[in-house]
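User: Could you walk me through this structure slowly, please? I am new to reading such models.

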Amino acid sequence: MVNKKAEMKIQQMTFMIIFVFIFFAFAGLFFVKIQTGNLTSTHDSLAKEATISSLETIMNMPELNCESGKSLCIDEDKLYVLASISDAYSELWPVASIEVRKVYPKISQEITCPAANCTTYKIYRSSQESIQVYGTLVSLCKKVRRDGLVQDDCTIARLSVGVKD
Amino acid sequence: MRSKKADFNFVLLFAIVAGTAILVLSIYGAVRGGNLFRTAGQAEISASIDVITDPLQAGSFAAVSSKISFRQDTRINNRCDDYLGFGKNYIAVESESSALKDSANQLIEIPISNKYIFSEESYGTDFRLFSKPFELPYRVSDLLFISTLNYCLVSPPEEIAEEIIGLNMPNFGVELAGNNTCEEDSIRVCFGYGEDCNMTVDGQCNDCDSEFEYGVVKKDGDSLYYAGNLLFGAIISDPDLYECNVKRLLFRTSMIANVYAQKTDLMNMRDCNTLLKTDLEVFGRMTLSAKLENLDELYDFAKSLDKKENRESCKIW
């Protein structure tokens with residue numbers, strides 16, 4: 001009888017300890033889940049912020065921007081060159097993708113550069129599978145000589161950059 | 001009766017052993033979890049530095065300044081790697097308390113490929129940032145300087161003194177005849193000759209507006225050659241970091257020279273003729289193989305290239 005009572009006590013104690021252990025383990029897991037959730041959302045928002053601020057950074061990069069550092073202006077000649085040597089620059093870009101697409105005057109047929117009368121410059125695309133893209137409108141200019149005068153020949157284009165994972 | 005006592009002791013013993021195990025596991029978990037979240041927090045700050053320094057890219061401005069404040073003494077670890085040419089700066093933030101607690105503290109480094117960050121390895125709560133463009137002769141990138149120590153520029157040339165005063169950088173003072181804005185504990189940087197100098201700047205440009213347009217910074221037995229705005233990088237950074245960032249910059253200068261050389265072909269097709277292609281190709285090769293000691297030659301070549309470009313009707317940069 002005494003032995004049985006002692007056994008019961010041990011069982012009670014064991015169950016209690018196991019229950020307390022499981023309770024704290026779940027509480028800990030719940031806490032870790034919330035914290036990692038916060039961490040993931042912080043990572044995502046930082047990556048998004050970085051990409052949006054990269055739009056300006058990329059426009060101001062000497063490899064792309066118009067001469068004399070004009071704002072919101074991309075040099076079409078530089079784009080043409082970069083489209084053909086984009087692999088050499090893959091280590092430099094702070095984003096997952098860069099694309100410049102002419103939007104005005106209206107484009108009837110999309111032709112990827114480098115090619116004659118091309119409309120879309122695919123400068124870079126990383127091996128990342130899914131890419132969230134942000135964009136802005138820019139002037140796409142090149143120097144031409146008309147009637148002996150040097151002028152800027154500009155169109156409107158959309159610069160799109162992708163968020164890096 | 002004897003059996004009951006033995007049972008009671010066993011229950012007590014079991015409770016003590018199991019209780020201790022739970023307590024030890026909980027404390028271990030809490031410590032590990034704390035370390036993990038602290039490391040995550042530090043990584044988050046490191047990543048934020050990349051984002052918050054984006055607006056500091058001077059762009060078309062001459063210079064831009066800002067400030068980062070931490071609640072406790074913190075160090076911004078800055079490792080540089082010039083592998084694959086463009087290279088990277090790896091930024092990791094480490095608080096002094098975590099470094100003291102755990103010397104083998106695992107830091108999470110954030111790689112930054114499109115910035116050139118010059119900084120010193122010291123703890124502080126307030127970090128001053130400023131950026132200046134690197135032009136050779138076209139704009140290559142912006143140089144980003146991060147420092148927490150105080151510097152005193154002794155007898156700097158007029159344009160540097162005016163710029164430092166204009167930037168309103170509290171950790172950079174200027175000592176000129178009849179004007180001293182330096183803090184007492186500052187690192188003294190003497191231009192030419194001066195008293196109690198921690199480092200000296202030896203200007204070597206003879207055909208320039210100021211002899212300090214290029215030269216050498218001598219500190220702790222090292223000679224760091226500089227040209228243009230690299231001067232501040234040579235003052236702030238340790239020699240390895242400085243040399244690595246300069247190599248990265250020269251590689252990028254060479255790549256941009258290549259882009260400009262190919263751009264001239266496209267311009268020529270539209271009657272926008274230029275004679276700079278050969279010069280750009282030569283300059284591209286020079287920068288690719290240049291060493292720190294060759295910065296003065298590159299600077300002189302870049303100046304002559306700029307003069308030629310200014311005479312062109314179709315501008316290249």
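This is a predicted model: local features need pLDDT of at least 70, side-chain atom pairs count only at pLDDT 80 or more; totals for chains, interfaces and linings use all residues.

User: OK, chain A to begin with. How many helices and strands does the secondary structure of chain A come to?

Analyst: Chain A has two helices and five strands, and, read from the N terminus, its elements follow the order α-β-α-β-β-β-β.

User: What box do the C-alpha atoms of chain A fill?

Analyst: Taken along the principal axes, the C-alpha atoms of chain A fill a box of roughly 115 × 30 × 30 Å. The radius of gyration of chain A is 29 Å, whereas a compact globule of 165 residues would have one near 15 Å.

User: And the strands of chain A, in what order do they sit in the sheet?

Analyst: The five strands form an open sheet in the order β1-β4-β5-β2-β3 (chain A), and the pairing is mixed. At the edges are β1 (73–75) and β3 (120–125) of chain A, each of which pairs on one side only. On average, and ignoring direction, neighbouring strands of this sheet are turned by 35 degrees against each other.

User: What holds paired strands together, in general?

Analyst: Strands of a sheet pair through backbone hydrogen bonds, and they do so either parallel or antiparallel.

User: Then how many bridges join β4(A) to β5(A)?

Analyst: There are 14 bridges between β4(A) and strand β5 (residues 149–162) of chain A, and these two strands run antiparallel. To find the pairing in the structure, you can look for A:C141, whose bridge partner in β5(A) is A:C154, or for A:R145, which stands opposite A:V150 in β5(A). The two strands form a hairpin with two residues between them, and in the turn A:D147 has a positive phi of about 50 degrees.

User: Now chain B. What does its secondary structure come to?

Analyst: Chain B has seven helices and 13 strands. With 317 residues, the globule rule gives 20 Å, but the radius of gyration of chain B is 27 Å, well over that value, so chain B is more spread out than a compact globule. Its C-alpha atoms fill a box of roughly 110 × 55 × 30 Å along the principal axes.

User: Which domains is chain B divided into?

Analyst: Chain B is divided into domain 1 (1–133), domain 2 (151–236) and domain 3 (244–311). Between domain 1 and domain 3 of chain B, seven residues of the one are in contact with seven residues of the other. The side of domain 1 of chain B that touches domain 3 of chain B has four nonpolar, two polar and one charged residues.

User: What about the seven-strand sheet in chain B, which order does it have?

Analyst: That open sheet has the order β9-β8-β7-β10-β11-β12-β13 (chain B), again with mixed pairing. β9 (179–180) and β13 (222–227) of chain B each have a single partner strand, so one side of each is left without a neighbour in the sheet. Within the sheet, β10 (residues 187–191) and β11 (residues 199–203) of chain B pair in the parallel sense over three bridges, and B:F191 stands opposite B:V201 in β11(B).

User: Which strands does helix α7 of chain B lie across?

Analyst: Helix α7 (residues 295–311) of chain B lies across β12 (214–219) and β13 of chain B, running at about 5 degrees to β13(B). Helix α3 (residues 158–167) of chain B lies across β7 (151–154) and β8 (172–176) of chain B, at about 140 degrees to β8(B).

User: Last topic, the contact between the chains. How many residues does it take from each?

Analyst: The contact takes 38 residues from chain A and 44 residues from chain B. On the side of chain A, the largest share, 21 residues, comes from α1(A). By class, the chain A side divides into 21 nonpolar, eight polar and nine charged residues.

User: And how do α2(A) and α5(B) pack?

Analyst: α2(A) and helix α5 (residues 239–269) of chain B pack at an angle of about 115 degrees, with their axes 9 Å apart, and the crossing is right-handed. Among the residues that make this contact are A:Y80 and A:L82 of α2(A) and B:V259 and B:L266 of α5(B). By class, this contact has six nonpolar, one polar and three charged residues.

Note on methods. Residues are numbered from 1 along each chain as its sequence is written. Chains are lettered from A and ligands numbered from 1 in the order in which they are written. Two residues are in contact if their C-beta atoms, placed from the backbone, lie within 7 Å. Helices (H or I, at least four residues) and strands (E, at least two) are DSSP runs, numbered from the N terminus. Ala, Val, Leu, Ile, Met, Phe, Trp, Tyr, Cys and Pro count as nonpolar, Asp, Glu, Lys and Arg as charged, and the others, Gly among them, as polar. Domain bounds come from an automatic or database domain assignment. Axes are lines fitted to C-alpha atoms, for helices over the stretch in contact, and angles run from 0 to 180 degrees between N-to-C directions. A crossing is left-handed if the near helix is turned anticlockwise from the far one by less than a right angle, and right-handed if clockwise. Two strands pair if DSSP finds at least two bridges between them. The radius of gyration is taken over C-alpha atoms; the globule rule is 2.2 Å times the number of residues to the power 0.38.
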